[in-house]
Amino acid sequence: MPRHDRLLLVLIIIGLLISGYLSYVKLAHATVLCIGGSSACETVQNSRYAYLFGIPVAYLGFLAYAGLLALWLVKRGDLWGLGVLAAQGFFGVALFGALFSLYLTGVELFILHAICQWCVASAVTMIAIALTASLTVQEDIQELEGA
Amino acid sequence: MARRSARTVRKRQRRSHSTTTLVAIGAVAIIAVAIIIAISIQQSSASVAVPPTLDVPAAWVDRTTIGSPDARVTIQLWEDFLCPACAQWNQGLEPRLMEELVKTGLARVEFHHFPLSQHEPWATLAAQASECAADQGAFWPYHTMLFEASSSQGASGLNMDQLKRYAKDLGLDMGTFSECLESQRYRTQVQQSAAQAIALGLNATPSVLVNGELLDNPFDYAALVEKVKQAANQP
């Protein structure tokens, strides 16, 4: 397996764990565990920016990472001959996720004035996925088309 | 030779086609995020709902105190408008407390400012605004609006413009309110209140005291009611 695919898989798993935890917190109405107290995390998690069309962003983040995992699997195995399409889809979802994560981090810094470490960790993970995907998507497509 | 050349051309064409597709995907992603951001910004400028008027005699409301002057029990609330737990308390327990303990004349509630340093400068600004609203007899509905705003918008819901907006939505005299807020008339009073909280040994918000006795868990409503009833029955 190419090194970048291994890296992407690790990052997706990290993203799933982070967004999974934040989704659990939302679902169980639990308190977010944060270094230096949960107040800032609670502020972010309970703000109107934590919802998109009424759906908690944590759930959407989990769905995005789950979608990336599915696309990664299809791309890796060229399942049903959809490898190229999956590689393109992976790039699109990762780019969307990274841009949206950047926006949410900006909201935390400049509007809410509260930083949720879990959200920042997820944003860093998503940006790393998008960067890796951007740098390797052409190579993946060429390999799949050549196969 | 010709076959190899044709293969190279096909390869280049495929690569060029793939790049165009990726650029198109990138553009779609950027446009989608831009649309979502625009919707999100539009939603964030929304105001908060004006709460219904508390159904108690006018004589029972004295600035940040509400309840019968004859009540034998005083419940002190020490809160910070930017504290998520306070907003939760305000939205979950306070309506019950008002309905079951205040309206029945059993207890009187005193609100005290305890702005936490990590929530500055918004917490103190909001506390001052609530005092300015109290000048016009509107502390209680205004404080409900502040908690709703902070829980949904964080600090951005407690900036100067938003604080004025809630006052306007409540129908307050805006000239008086703005002058009060901008001159920071209540800054010292709010700071003194925070110092008093620390002197009392309080270290968290919300802190709830029943006749001066601190509740271990402010979210245990049954314990609060029990404590109030005990205090009311004491000779």
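## Between chain B and chain A

Across the interface of chain B and chain A, the rule finds 0 salt bridges, a salt bridge being a side-chain nitrogen of Lys or Arg within 4 Å of a carboxyl oxygen of Asp or Glu. The count of residue pairs in polar contact between chain B and chain A, both at pLDDT 80 or more, is 1. A polar contact is a pair of N or O atoms within 3.5 Å; within protein, one must be able to donate a hydrogen and the other to accept it, and residues adjacent in sequence count only if both atoms are side-chain atoms.

On the side of chain B that touches chain A, the elements giving two or more residues are helix H1 (2-44) and H5 of chain B. H1(B) supplies the largest share, 19 residues. By type, the residues of this side of chain B are 15 nonpolar, 14 polar and 2 charged. Here Ala, Val, Leu, Ile, Met, Phe, Trp, Tyr, Cys and Pro count as nonpolar, Asp, Glu, Lys and Arg as charged, and the others, Gly among them, as polar.

## Basis of the model

This is a predicted model, in which local features need pLDDT of at least 70 and side-chain atom pairs count only at pLDDT 80 or more, while totals for chains, interfaces and linings use all residues. Residues are numbered from 1 along each chain as its sequence is written, chains are lettered from A and ligands numbered from 1 in the order in which they are written, and side-chain values use heavy atoms, with hydrogens and water left out.

## Asp80(B)

Asp80(B) sits in the loop between strand E3 (73-79) and helix H2 (84-92) of chain B; helices (H or I, at least four residues) and strands (E, at least two) are DSSP runs, numbered from the N terminus. Asp80(B) counts as buried because its relative accessibility is 1%, where buried means under 20% relative accessible area, exposed over 50% and partly exposed in between (1.4 Å probe, protein chains only).

Not counting residues up to four places away in sequence, Asp80(B) touches several residues, including Cys86(B), Leu116(B), His119(B) and Thr205(B); contact means heavy atoms within 4.5 Å. A polar atom of the Asp80(B) side chain lies 2.8 Å from the backbone nitrogen of Leu116(B).

## Helix H6 of chain B

Helix H6 of chain B covers residues 160-169, and its buried residues are Gln162(B), Leu163(B), Lys164(B), Tyr166(B) and Ala167(B). Their cover includes helix H4 (122-135), helix H5 (139-153) and helix H7 (174-182) of chain B.

At the N-terminal end, Asn159(B) caps H6(B), with a side-chain oxygen 3.2 Å from the backbone nitrogen of Asp161(B). After H6(B) comes Gly171(B), whose phi is positive, near 80°.
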